[in-house]
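User: I have a structure open and would like to go through it step by step. Could we begin with a single side chain?
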Amino acid sequence: MNKFVNFKRGMGIGGWLTNYKRFHVIPKDKINLLTVGDEEHFNEYITESDVVNIKNMGFDHIRVCFDQVVFQAEDGSYRYEHIALLDAFIGWCKKHQINVVINLHKALGSYCDVDTGEDLLDSKVLQDKLVDFWIELEKHYANEPQVVFELLNEVKDVDPKKWNALATRLINGIRALNKDRIIVLGTTNWNSPDTLKDLKVFDDENVVYTFHFYEPFEFTHQQGVLQTRTELYNRKMPYPGDIERYRDYQRFTYDNDSVYDGLTEMNGDFVKKALAPVKDFIKNNPNKIVWCGEFGNIRHAKLQWRIAWFKDVITFLKENDIPYSVWNYLSTPNDGNRFSLTDDETRCMLSEELHHVLLGDF
């Protein structure tokens with residue numbers, strides 16, 4: 001039985017308990033420091049009205065993201081006053097009958113978007129702490145069987161064997177307490193479709209396999225200030241678009257124009273080709289559940305371009321019966337890569353057409 005059946009189309013919430021500030025400008029020894037401003041943000045940014053809003057938009061689940069340091073101090077002690085924020089959120093979701101995935105977005109030693117000076121997959125101390133962390137959450141949510149656990153967001157480009165070994169420890173730790181908890185497992189290289197083939201597949205019907213999608217990167221992150229190449233190139237990238245513009249990006253930033261050999265235009269055909277590894281994974285693992293947990297594009301892109309890209313991606317997902325969660329609901333004021341789909345003040349969808357496309361109503 002597909003136990004993920006009620007997770008058809010979801011909305012991601014970042015910027016609340018993760019990405020509450022950007023760490024590129026913060027000294028490494030201060031990255032895990034929480035300030036009074038952070039505390040105020042945690043308590044004010046997301047409320048019950050946001051859950052109602054997302055439910056009324058027509059989404060059936062929310063992927064809510066958090067950082068380990070928000071819930072656990074570096075000395076290993078738990079910040080239960082912050083876990084209580086997630087407790088309240090889960091309560092709102094139950095009240096308004098919308099499903100929830102809780103996602104560990106950044107673990108100690110595993111920030112997907114910045115070097116913290118330490119590496120989770122090379123540190124037994126950090127790995128032990130992470131295993132204990134998920135065991136603690138399983139104990140805490142023992143009476144909330146509907147809550148889905150997503151173990152770690154966007155593991156970086158590392159040896160897949162190392163991640164498979166840690167993922168096995170994490171799953172075994174949870175399974176020792178709960179054999180029925182639905183667990184979401186992503187792959188390496190920032191949850192790339194290309195590395196799904198390297199992910200360990202478990203003999204466990206309650207494990208869901210996830211991937212993210214942000215290709216072509218030149219489009220989805222255009223003029224983004226958090227990536228060196230998009231900031232350097234600083235150019236609008238239409239979608240659909242002339243492939244020569246994308247080749248120029250490759251030549252300028254990578255000194256390589258072979259990536260798009262054979263393509264004449266950047267459109268839905270590109271999307272299908274880029275997502276082909278997902279079809280391969282499904283073919284090789286027909287009894288496993290696959291979920292696209294995150295995909296989106298930057299607010300710098302023109303709205304019509306954004307809509308066209310979403311339509312191509314969601315067309316692929318629907319054709320292959322893949323549930324999904326779009327990224328994301330809101331953008332924080334200091335978010336250099338704004339992927340939000342709603343107005344920051346009114347929290348209404350940016351357009352009716354975008355709304356319909358995100359729901360797959362086209």
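User: Is tyrosine 233 buried or exposed?
Analyst: Tyrosine 233 counts as buried because its relative accessibility is 12%. Buried means under 20% relative accessible area, exposed over 50%, and partly exposed in between, with a 1.4 Å probe and protein chains only. This is a predicted model, in which local features need pLDDT of at least 70 and side-chain atom pairs count only at pLDDT 80 or more, while totals for chains, interfaces and linings use all residues. Residues are numbered from 1 along each chain as its sequence is written, and side-chain values use heavy atoms, with hydrogens and water left out.

User: How much of the chain is buried?
Analyst: Of the 362 residues in the chain, 57% are buried.

User: How many aromatic pairs are there?
Analyst: A search of the whole structure finds 26. Rings of Phe, Tyr and Trp (its six-membered ring) pair if their centres lie within 6.5 Å; planes under 30 degrees apart count as stacked, over 60 as edge-to-face and the rest as tilted.

User: What about tryptophan 16 and phenylalanine 89?
Analyst: Tryptophan 16 and phenylalanine 89 form a tilted pair, 5.6 Å centre to centre, with 45 degrees between the planes. Both tryptophan 16 and phenylalanine 89 are buried.

User: And which partner does tyrosine 233 have?
Analyst: Tyrosine 233 forms a tilted pair with phenylalanine 252, at 5.5 Å centre to centre and 50 degrees between the planes.

User: Which residues form an aromatic cluster?
Analyst: Phe66, Phe71, Tyr78, Tyr80, Phe133, Trp134 and Phe149 form one cluster.
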